[in-house]
Amino acid sequence: MPLDPMPDWVPARQRQIGDRIRALRRAAGLSQAELGERVGRDHKTIHRYETAATAPSLVELLLIADALAVPLAELVR
């Protein structure tokens, strides 16, 4: 049985979340490598999240929110 296609709004929301991660990271004065160190990921992974090439898991979003000292809702609103 084939999977249903991804709704059109999902990639758009993924890009918005990536944009928020980037903006909050920059506001905190962190490079992608520094944020990656704080959450146990490499800078390439952070780049993929920010550009919406890869969707972060809930655990990764929690780690990023903690590293940026913001509530999870701030990333996904």
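Among the elements of the protein chain, helix H5 (residues 72–76) has the lowest mean pLDDT, 93, while H2 has the highest, 98. Here pLDDT is the predictor's confidence in each residue, from 0 to 100, and helices are DSSP runs of H or I with at least four residues, numbered from the N terminus. This is a predicted model, in which local features need pLDDT of at least 70, side-chain atom pairs count only at pLDDT 80 or more, and totals for chains, interfaces and linings use all residues. Residues are numbered from 1 along each chain as its sequence is written, and side-chain values use heavy atoms, with hydrogens and water left out.

Reader: What pLDDT does the protein chain average?
Author: Happy to start there! Of the residues, 97% score at least 70. The average for the protein chain is 94.

Reader: Is glutamate 50 buried or exposed?
Author: Glutamate 50 is found in helix H3 (residues 43–50). Buried means under 20% relative accessible area, exposed over 50%, and partly exposed in between, using a 1.4 Å probe and protein chains only. Glutamate 50 has a relative accessibility of 2%, so it counts as buried.

Reader: Which side chain makes a polar contact with the side chain of glutamate 50?
Author: A polar contact is a pair of N or O atoms within 3.5 Å; within protein, one must be able to donate a hydrogen and the other to accept it, and residues adjacent in sequence count only if both atoms are side-chain atoms. For the side chain of glutamate 50, the distance is 2.6 Å, and the partner is the side chain of arginine 25.

Reader: Where does the salt-bridge partner of glutamate 50, arginine 22, lie?
Author: A salt bridge is a side-chain nitrogen of Lys or Arg within 4 Å of a carboxyl oxygen of Asp or Glu. The side chains of arginine 22 and glutamate 50 meet this way at 3.7 Å, N to O. The pair links distant parts of the chain, 28 residues apart, with glutamate 50 in helix H3 and arginine 22 in helix H1 (residues 9–27).

Reader: Which parts does the salt bridge between arginine 41 and glutamate 60 tie together?
Author: These two side chains meet at 3.0 Å, N to O. The pair ties together parts that are 19 residues apart in sequence, because arginine 41 lies in the loop between helix H2 (32–39) and H3, and glutamate 60 in helix H4 (residues 58–67).

Reader: Why are the buried residues of H2 on the same side?
Author: In H2, the buried residues are Gln32, Leu35, Gly36 and Val39. Because they cover an arc of only 100° around the axis, they sit on the same side of H2; the arc is that of the directions from the helix axis to the C-beta atoms. On the other side of H2, the exposed residues are Glu37 and Arg38.

Terms used:
Helix = DSSP H or I, 4+ residues; strand = E, 2+ residues; numbered from the N terminus.
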